[in-house]
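This report is written for a reader who is meeting the structure for the first time.

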Amino acid sequence: MTQATADFLVIGGGIIGVTLALEAKRRFPDAAVALIEKEDTFGEHASGRNSGVLHAGFYYSADSLKARFTREGNRRLTEYCLERDLPINRCGKLVVTKGPDELGPLDELLRRGRINGVDVQGISAEDAREIEPRAKTFERALYSPSTASVDPRRVLDALLEDARNCEIGLYPSTAYLGPRDGGVRTSRGDWSVGYLINAAGLYADRVAKDFGFAQAYAIIPFKGLYLYSNEPAGALRTNIYPVPDLRNPFLGVHFTLTASGKIKIGPTAIPAFWREHYRGLENFNLRELGEVLLQEAGLLVRDDFGFRGLAIEELAKYFKGRMVRLAGDLVSGVDPKHYRTWGAPGIRAQLFDKRQRKLEMDFRFEGDDRSFHVLNAVSPAFTCSIPFAEYLFDHINAMTGGSAPIVR
């Protein structure tokens, strides 16, 4: 066991943790900044399993942080990928309708996009088919030309290279174990820490509780699965999404084009039974099973935010036929024989407000002059990551008086 020190110690090696570490070093070049990650490699969870879509920013109400940072995050990550010669597919997105009852919600998306300063266009069904001949829509659709797709691991790897180049300490295989006076305990020894930043994703609430935060919150894990098509790249020209239910944070089964132009449909939002419940009994955790089942049982009984119907609907998506049928509402020529391969599952670390009995729709964080905790950084956090990290550091500066908490 070794004793280590850091002026800023970031927990969690996903894109939010990495961009926060980079922002700490940018603002305080002389500070010792370290990033710890419990896995052997960075980005093993949400960031590495991300859809790769750079969202445009028209889903979110104007008063939300998501609306504030998605458009700017899209622009800056697009520029970053072009500057670093990283794969990017600037294919855009269509949002299509299934019937007349979806025209009102479609207009609401258009209204939000315009308020948020996003380039989003209301178009006719004929215009939609000009963009993508296979698109199916009732009377009208939306088109977002700035939506793009990237390779999330390539993006994260480039950011990690930036971190190494500016002498940020990167420590994989280093799990946070708990607080200690003046620092934290990890699986590879104790750390003395000037300021702690918690970007632990699925475990952010648990870390935060160790420091007296997140008392009103709990993470509920939802499993996201994509089904890949064996059609050649170029079989679709653009991403195609349904009109979402704006009462919850999930976007429904849709067509995503990867950075290489391949097609996948999904994702699901299936309630998971423990935090890293990817496949079968992989990463089984009895304590978490009990906690999550108790939480989900309460949601089922009370039917908070329509959880009962959501759970039934999402569990049905374990069947490929169900996923393909839903996808067939959006695009013509969807043949089940093309959709046989599941992609790597991901887990959405969705924050639940236990007092108000609702899912948090926006980013959430808490902190003080000793520690800062990013509690809800779900989609589109990948898109928002660069300006969001700058915004979070404005709050950290305000809490610390604007100076680096140097460890002597």
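## Salt bridges

In this predicted model, the count of salt bridges comes to 30, with a side-chain nitrogen of Lys or Arg within 4 Å of a carboxyl oxygen of Asp or Glu as the criterion. One of them joins the side chains of Glu-23 and Arg-27, with an N to O distance of 2.7 Å. Both residues belong to helix H1 (residues 15–27), where they are four residues apart, about one turn of the helix. Glu-23 has a relative accessible area of 5% and is therefore buried, whereas Arg-27, with 22%, is partly exposed.

Arg-27 also forms a salt bridge with Asp-394, and here the closest N and O atoms are 2.9 Å apart. Because Arg-27 lies in helix H1 and Asp-394 in helix H10 (residues 381–400), this pair ties together parts that are 367 residues apart in sequence. Asp-394 is partly exposed, its relative accessible area being 43%.

## Further charged contacts

Another salt bridge is made by the side chains of Lys-38 and Glu-39, at 2.6 Å from N to O. Lys-38 counts as partly exposed, with a relative accessibility of 36%.

## Cysteines

The structure holds zero disulfides. Cys-166 takes part in none, and the nearest cysteine sulfur, which belongs to Cys-81, is 18 Å away; a disulfide would require the two sulfur atoms to be within 2.5 Å. The relative accessibility of Cys-166 is 26%, so this residue counts as partly exposed.

Cys-384 is likewise in no disulfide, and the nearest cysteine sulfur to it, again that of Cys-81, lies 15 Å away. With a relative accessibility of 0%, Cys-384 counts as buried.

## A strand hairpin

Strand E10 (residues 176–180) pairs with strand E11 (residues 183–186) in the antiparallel sense, over four bridges. Within this pairing, Gly-178 stands opposite Arg-185 in E11. The hairpin of E10 and E11 has two residues between the strands, and Gly-182 takes a positive phi near 80° there.

## A nonpolar surface patch

Leu-281, Phe-284 and Leu-286 make a nonpolar surface patch of about 360 Å². Of these residues, Leu-286 is found in helix H7 (residues 286–302). Leu-286 has a relative accessible area of 62%; residues over 50% count as exposed, so Leu-286 is exposed.

Key
Residues are numbered from 1 along each chain as its sequence is written. This is a predicted model: local features need pLDDT of at least 70, side-chain atom pairs count only at pLDDT 80 or more; totals for chains, interfaces and linings use all residues. Side-chain values use heavy atoms; hydrogens and water are left out. Buried means under 20% relative accessible area, exposed over 50%, partly exposed in between (1.4 Å probe, protein chains only). Two strands pair if DSSP finds at least two bridges between them. Patches are made of residues with over 30% relative accessible area and no salt bridge: like charges are joined within 9 Å, nonpolar side chains (Val, Leu, Ile, Met, Phe, Trp, Tyr) within 5 Å. Accessible areas come from the Shrake-Rupley method with a 1.4 Å probe; for residues, only the protein chains shown count as cover.
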